[in-house]
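Good morning, and thank you for coming. Please look at the sequence and the structure on the screen while I speak.

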Amino acid sequence: MTLPETPLAPELAVSEWFNTPAPLTLAGLRGRPVLLHSFQLLCPGCVAQAIPQVQRIERVFAHTDLQVVGIHTVFEHHAAMSPVTLRAFLHEYKLKSPVGVDLKEDGSDIPVTMQRFGWRGTPSCVLIGRDGTILHQAFGVEDDIAVGARIAMALSAPPPRSAAAPAATP
């Protein structure tokens, strides 16, 4: 019996990056687990719960190859949440991981990455495995221990085999 292939996570659509010298792509991060967190700087749940949780995750898993990536997903109050405001927010909250601004699509209040992942709002979180597939996705803030356990499982997975590397023979 052949199991169905799990699709890869959709690619990010970002108009501007912060805290990284070069733009990031999920394809470029393949081989590492990725915690993608979507937030808005004026979202009370993001500021009070999600951002502090992300900061704890960054501290606890700093010694691993987990890549934390924030996506500033603006679907309301567009004029108030400019890149200038976001830069100040990142500085004040001491967020060091890369943060991308979700690409605004003409004629829509819902940005592109939010549409691609089917996010219902912020905060949202996606854990992507080393192979680029979505391991878990949630809207809202989940319990720290559950998130930590999922991240630990993703970190324990072996790196995916490269198509160029031959399989080991017994």
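Helix α5 covers residues 144-156, which makes 13 residues. In this predicted model, the distance from its first C-alpha to its last is 18 Å, close to the 18 Å expected at 1.5 Å a residue.

Which residues of α5 are buried? They are V147, G148, I151, A154 and L155. These residues lie on the same side of α5, because they cover an arc of only 125 degrees around the axis. On the other side of the helix, I145, M153 and S156 are exposed. The buried residues of α5 pack against β2, α2, β5 and β6.

Let me turn to the nonpolar cores. The largest one has 16 residues. Among those with the most contacts inside this core are L12, L36, F117 and W119. At least two core residues come from each of α1, β2, β3, α4 and β5. A second, separate core has 14 residues, including L41, C43, V74 and V101.

L36 deserves a moment of its own. Leaving out residues up to four places away in sequence, L36 touches L12, V69, I71, F117, W119, S124, C125, V126 and I128.

One of these partners, S124, belongs to strand β5. Is S124 buried or exposed? S124 counts as buried, because its relative accessibility is 2%, and the cut-off for buried is under 20%. Its side chain reaches the backbone oxygen of G121 at 2.6 Å. Beyond its neighbours within four places in sequence, S124 is in contact with L36, H37, S38, W119, A138 and F139.

Thank you for your attention.

How values were computed. Residues are numbered from 1 along each chain as its sequence is written. This is a predicted model: local features need pLDDT of at least 70, side-chain atom pairs count only at pLDDT 80 or more; totals for chains, interfaces and linings use all residues. Side-chain values use heavy atoms; hydrogens and water are left out. A nonpolar core is a set of buried Ala, Val, Leu, Ile, Met, Phe, Trp, Tyr and Cys residues joined through side-chain atoms within 4.5 Å. Buried means under 20% relative accessible area, exposed over 50%, partly exposed in between (1.4 Å probe, protein chains only). Helices (H or I, at least four residues) and strands (E, at least two) are DSSP runs, numbered from the N terminus. Contact means heavy atoms within 4.5 Å. The expected span of a helix is 1.5 Å times one less than its number of residues. The arc is that of the directions from the helix axis to the C-beta atoms. A polar contact is a pair of N or O atoms within 3.5 Å; within protein, one must be able to donate a hydrogen and the other to accept it, and residues adjacent in sequence count only if both atoms are side-chain atoms.
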